[in-house]
Amino acid sequence: MNLTEENIKQIDNYLIKLKVKFVDVRLELIDHLASGFEASNKEEQLVDYLKSKIDFIKDFEKKRQKTIHWSYQREMWRRLAMFFYKPNYLPFTIVFGFAVYWMQHLQPNTAFTLILMVSLSIIHFWALITGFSHLKTFKKLQMAQPLYSITALPSLFLYTMGAAKTLLENQYFFIAFWFLAILFNIAGGIELRNKKNRILEYSKTII
């Protein structure tokens with residue numbers, strides 16, 4: 001049985017009734033449900049078919065959220081790894097590593113810590129501005145909800161500086177901490193920017 005535009009609208013309205021608020025989730029569910037109903041050999045009304053899929057609909061939304069979240073985390077780690085093997089990233093990593101080493105020798109730890117905190121704060125402030133500038137669009141898409149979780153791990157460097165104060169008094173630990181903190185945050189910032197741009201492009205086709 002081939003579904004009409006009216007049937008598709010009926011599925012969409014049913015999903016809205018079930019409080020499936022994200023547009024991208026509804027589009028995927030409509031595709032799944034429409035295909036399932038068309039392939040069904042049962043002689044049943046569409047509304048009855050949809051009622052039988054309530055558990056599937058609720059599980060689909062939760063599983064999709066987790067899948068998106070962990071895919072963003074994996075891609076942030078891949079981006080970080082690129083700084084250590086990609087030809088176009090590697091020169092920056094080497095130069096930055098030497099710069100951190102020299103700066104630590106030129107500046108006392110107190111001043112260097114302040115520089116580190118300002119650097120990390122700028123990245124996180126930029127991430128917040130990026131999100132709020134497209135808040136209306138992002139509220140309609142599930143794929144935008146875990147966007148800021150990309151910066152969750154990088155932000156730990158900023159939040160744990162107080163707890164790691166004693167360790168940071170060690171010159172080599174301080175250099176390693178600073179080096180990794182900036183690279184993690186740059187990787188997170190790049191991924192956040194790329195995902196944001198892709199989401200905005202996608203939103204133009206469905207919203």
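Is phenylalanine 184 buried or exposed? Phenylalanine 184 is buried, at a relative accessible area of 9%. The views below come from a predicted model.

**View A. Tryptophan 77 and phenylalanine 184 form an edge-to-face aromatic pair.** Their centres lie 5.4 Å apart, with 85 degrees between the planes. Tryptophan 77 belongs to helix H4 and phenylalanine 184 to helix H10, so the pair ties together parts 107 residues apart in sequence. Tryptophan 77 is partly exposed, with a relative accessible area of 45%.

**View B. Phenylalanine 92 and phenylalanine 96 make a stacked pair.** The ring centres are 5.7 Å apart and the planes meet at 5 degrees, so the pair counts as stacked. Both residues sit in helix H5, 4 residues apart, a separation of about one helical turn. Phenylalanine 92 is partly exposed at 38% relative accessibility. Phenylalanine 96 is buried, with a relative accessible area of 13%.

**View C. Ring pairs link a cluster of aromatic residues.** Its members are Phe83, Phe84, Tyr89, Phe92, Phe96, Trp178 and Phe179. The whole structure holds 13 aromatic pairs.

**View D. The largest nonpolar core has 39 residues.** Tyr72, Phe96, Leu116, Leu120, Leu147, Trp178 and Ile199 touch the most other members. Helices H4, H5, H6, H8 and H10 each supply at least two residues of this core. H10 gives the largest share, 14 residues.

**View E. Leucine 116 and its contacts.** Neighbours within four places in sequence are left aside. Leucine 116 then contacts Met161, Phe177, Trp178, Ala181 and Ile182.

**View F. A second, separate core contains 17 residues.** Among them are Ile11, Leu15, Phe22 and Leu46.

Technical notes:
Residues are numbered from 1 along each chain as its sequence is written. This is a predicted model: local features need pLDDT of at least 70, side-chain atom pairs count only at pLDDT 80 or more; totals for chains, interfaces and linings use all residues. Side-chain values use heavy atoms; hydrogens and water are left out. A nonpolar core is a set of buried Ala, Val, Leu, Ile, Met, Phe, Trp, Tyr and Cys residues joined through side-chain atoms within 4.5 Å. Buried means under 20% relative accessible area, exposed over 50%, partly exposed in between (1.4 Å probe, protein chains only). Contact means heavy atoms within 4.5 Å. Rings of Phe, Tyr and Trp (its six-membered ring) pair if their centres lie within 6.5 Å; planes under 30 degrees apart count as stacked, over 60 as edge-to-face and the rest as tilted.
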